[in-house]
Amino acid sequence: MQRKELKAAASTVLETAKQEADAQDPRQWGWVEASVWTERMLAALSDGVKGGKWFSLMDKVYARRTLEAAWKRVAANRGAAGVDGVSVERFKAREGHYLEELQAALKEGRYRPEPIRRVHIPKGSGQTRPLGIPTVKDRIVQTALKMVLEPIFEREFLPVSYGFRPGRGCKDALREVDALLRAGYTFVVDADVMSYFDTLPQGPLMDRLKDEISDGKVLPLVEAFVGQDILDGLKRWRPTMGTPQGAVLSPLLANLYLHSLDVALTEAGHKVVRYADDFVILCQSQQEAEAALMQVQTWVVANGLALHPEKTHIGDCREPGHGFEFLGYRFECGRRSVRKKSLAALKDVIRHKTRRTRGDSLKRIIEDLNPILRGWFAYFKHALPWTFRLLDGFIRRRLRSLLRKQQKRPGFGRCHADHLRWPNAFFAEQGLFSVYEAFVLARQSR
C-alpha cells in the first residue's frame, strides 16, 4: 500500500471511530511533553504540515529542556548500566556535565550510539530471552527522540492498537476482546509473527519513517539506533534486521511497521485487537476468519516477515480445545482463565521467594510476597475462582514447608498436623495477602 493510499485509508477508518475522536485530537493530548509540543506545534499536527512531512525536528531533540525531561524519565525507570559502565546513579552525580556533553554532540552531529549490552533473562522451561541494555546516554537520546516523534505517528495509529501507546494498555485490549466475544465474534484468528522484533526489516522500516519525517539529522540518528552493534560477552556484531529489544524507540518503531496491517484489516471490516506483535482477529464465521488469515499471510510475506506455523490457527473459541491465548489469559468455552505459562511463571517467583534455605523471618517473606500477589491479582482478577483457591493453597504449603525447615524438622508442610499448627487463619494474621479473598471482595463490589 502506497503512502498516499495508506494515509487516505487510515483517515477513513479514523473518521468512523467517533468514540475515539477526542483522543485523536492532538490539542487535547495531555501526555505530550509540553516543552517540545507547544500549542503551535500541536495545532500543526492537527491541521497538517506543509507537504505532509515534518522538517526541522533535530533542534527539538537536543534542546536542553527536552534532554532534561528525557533524563528524568530514564532516571525514574532506573535500569542497569550499559557497556560504558555508567549507571543511573553515576550519571546523576554529574548530570549537568553529561547533559551538556550530549547537547553539544547532538547539535554538532557528532553523537554516535554505543553498542548494546546483551543479557539473557529466563523465559521458562529452561529457555532464555535476549534483552538489550543501552547505555544511560543512549536511553536519554532515544527518549528525547521518542518525545519528539511519538505524537507524529500517534496521530496516525488506529484504535485497534493497544501496545506501548499513551493511555492504553493490556486491560483495554482485554476489555475489547471480551466485548467482541459477547457480541458474537467467536471465530478467532490467533496469529503469531515469528521473532518479530528480531526480524523486522530495517530498510522498509526507515522508509515508513521517511513517509512522515524529512529531517536530515533525525533520520540518520534513528537509523544509527536501529542498527546499533550488539555486545554479548566478547562477541560484537551489527544486526542487519530487527530492532533491539529493550531499546526505548523499539516499541514505537514496531507499532509503526505494523500500522499498515492495522489499516488493511480494519478497512476490510475485520475486528482486530493488537498489542505490539501479539494480535487476534475476531470474526463471526469460519469463512470470514479464513479470509482474514489469508489477508494477514499475504501482508506478512509482502513485508518481509513470517507467521509461526505452529502458533497461528483459527478456532471457534466456544468449542473445547479451540480457544486462544492473549495477553496472559486463555479464552475458551465462554470462560477466561489464566494461561498455564502465566500461572507457572508466578509459581516460579513464589518458589524463589519461599525457598527453604532462605533465612529471613516469616514477616519479611510475606512483605516480599504481598506486592507481587497484589499486582498479579489486579491483572488476573477476571480469571476462574478455582485459580485463586489453588494458588492460596500453594503459597501456604510453601510457607509451612519453610517454617518446618526453620524449626529443623523434616517434611514439606503437607500433613494434617502442620495445618493444625499453622492454619489458614495464622497466615491471615501474619498479613499474607489472599488472592481468593480479594476475588470474593471484588465480586461483591461489582
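**Salt bridges and a cavity**

Modeller: Let's start with a network of salt bridges, which links Arg 358, Asp 360, Arg 364 and Asp 368. Keep in mind that this is a predicted model.

Biologist: How many salt bridges does the structure hold?

Modeller: There are 22 salt bridges.

Biologist: What makes the contact between Glu 68 and Arg 64 a salt bridge?

Modeller: Their side chains come to 3.1 Å, N to O. The cut-off is within 4 Å, from a side-chain nitrogen of Lys or Arg to a carboxyl oxygen of Asp or Glu, so a pair of this kind at that distance qualifies.

Biologist: And why are Glu 68 and Arg 64 said to be separated by about one helical turn?

Modeller: Because they sit 4 residues apart in helix 5, which covers residues 64-77.

Biologist: Are those two buried or exposed, or something in between?

Modeller: In between: Glu 68 has a relative accessible area of 34%, and Arg 64 has 29%. Buried means under 20% and exposed means over 50%, so values in between are called partly exposed.

Biologist: Why is Asp 316 called buried?

Modeller: Its relative accessibility is 11%, and the label needs a value under 20%. Its salt-bridge partner is Arg 318, at 2.8 Å, N to O. Arg 318 has 48% relative accessibility and therefore counts as partly exposed.

Biologist: How do you know that Glu 325 and Arg 330 form a salt bridge?

Modeller: The N to O distance between their side chains is 3.8 Å, and the limit is within 4 Å, so the pair passes. Glu 325 is partly exposed at 29%, and so is Arg 330 at 22%.

Biologist: Which helices each supply at least two residues of its lining?

Modeller: Helix 12 (218-226) and helix 13 (250-267) do. Helix 12 gives the most, with 3 residues.

Biologist: How does the lining divide into nonpolar, polar and charged residues?

Modeller: It has 7 nonpolar, 2 polar and no charged residues. The lining includes Gln 142 and Ser 250, along with Val 222, Phe 225 and Pro 244.

Note on methods: Residues numbered from 1 in each chain as written. Predicted model: local features only at pLDDT ≥ 70, side-chain atom pairs only at ≥ 80, totals over all residues. Heavy atoms only, no water. 1 Å grid on protein atoms, 1.4 Å probe; cavity = no way out; pocket = protein on both sides within 12 Å on 5 of 7 lines; lining within 4 Å. Nonpolar A, V, L, I, M, F, W, Y, C, P; charged D, E, K, R; others polar. Buried < 20%, exposed > 50% of the residue type's maximum accessible area, 1.4 Å probe, protein only.
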